[in-house]
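Visitor: Thanks for making time for me today. Could you show me the model, so that we can go through it together?

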Amino acid sequence: MRDNRFSRRYFFYGSLLAGAVPAGGFGSQPSLKALGYKSVNDKLGIACIGLGMRGPQILPGAAASENIVALCDVDETRGAPTVALHPKASRYQDWRKMLDAENKSLDGVMIAVPDHWHTHMA
């Protein structure tokens, strides 16, 4: 009977070639970046909808490690203290306009509004 198993030498050469291909070919970091994928080490672009009650409580957790890109609240006076903490973030009053304008720079959205609005914004 013929033995169809791989030899150790064949397995070693195959794994060596498989490890060498991603160094400069498909699957390597430069090729994935060219396709538009972000590195896992890059910071995320986060937006927050609702800056009145819950928004200021949950936003510092994300702001510690990620970029706050956009802030949205219909009432500018209630959101003013949070907006002052993030001066580089774009400000919006309509969440639909924010999502349309910032869609390329957003990686996540924190929705801090009453429960009956979550579905619309999500």
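Visitor: Is Arg 96 buried, partly exposed or exposed?
Guide: This is a predicted model, and for Arg 96 the relative accessible area comes to 49%. Exposed would need over 50%, and buried means under 20%. Because 49% falls in between, the class of Arg 96 is partly exposed.

Visitor: Which side chain meets that of Arg 96 in a salt bridge?
Guide: Side chains of opposite charge can pair when their charged atoms come close. A search of the whole structure turns up one salt bridge. With N to O at 3.2 Å, the partner of Arg 96 in a salt bridge is Asp 94.

Visitor: Happy to move on to the fold. In what pattern do the helices and strands follow along the sequence?
Guide: The chain holds six helices and four strands. Read along the sequence, their pattern is α-α-β-α-β-α-β-α-β-α.

Visitor: Is His 86 buried or exposed?
Guide: His 86 sits in the loop between α4 (76–85) and β3 (90–92). Setting aside neighbours within four places in sequence, His 86 has contacts with Leu 59, Ala 63, Ile 68 and Leu 71. Its relative accessible area is 17%, and the cut-off for this class is under 20%, so His 86 is buried.

Visitor: And which residues does Ala 112 touch, not counting those up to four places away in sequence?
Guide: Ala 112 belongs to the loop between β4 (108–111) and α6 (115–121). At 11% relative accessibility, Ala 112 counts as buried. Beyond four places in sequence, the residues that Ala 112 touches are Ile 49, Gly 50, Arg 54, Gly 55 and Ile 58.

Visitor: What distance separates the C-alpha atoms of Ala 112 and Leu 59?
Guide: Leu 59 is one of the residues in contact with His 86. Along the chain, Ala 112 and Leu 59 are 53 residues apart, and their C-alpha atoms are separated by 9.3 Å.

Visitor: Now for the space inside the model. How many residues of the lining of the largest pocket are nonpolar?
Guide: The largest pocket holds about 330 Å³ of space. Of the 17 residues that line it, Gly 50, Asp 73, Val 74, Val 113 and Pro 114 are the closest to its centre. The lining has four charged residues and three polar ones, and its nonpolar residues number 10.

Visitor: One last thing: what share of the accessible surface belongs to carbon and sulfur atoms?
Guide: Of the 122 residues in the chain, 25% are buried. The accessible surface of the chain is about 9300 Å², and the share belonging to carbon and sulfur atoms is 58%.

How values were computed:
Residues are numbered from 1 along each chain as its sequence is written. This is a predicted model: local features need pLDDT of at least 70, side-chain atom pairs count only at pLDDT 80 or more; totals for chains, interfaces and linings use all residues. Side-chain values use heavy atoms; hydrogens and water are left out. On a 1 Å grid over the protein atoms alone, a cavity is a set of points where a 1.4 Å probe fits but cannot get out, and a pocket is an open set with protein on both sides within 12 Å along at least five of seven lines; lining residues have an atom within 4 Å of a point. Grid points are joined across faces, edges and corners, and a volume is the space filled by probe spheres set on the points. Ala, Val, Leu, Ile, Met, Phe, Trp, Tyr, Cys and Pro count as nonpolar, Asp, Glu, Lys and Arg as charged, and the others, Gly among them, as polar. A salt bridge is a side-chain nitrogen of Lys or Arg within 4 Å of a carboxyl oxygen of Asp or Glu. Buried means under 20% relative accessible area, exposed over 50%, partly exposed in between (1.4 Å probe, protein chains only). Helices (H or I, at least four residues) and strands (E, at least two) are DSSP runs, numbered from the N terminus. Accessible areas come from the Shrake-Rupley method with a 1.4 Å probe; for residues, only the protein chains shown count as cover. Contact means heavy atoms within 4.5 Å.
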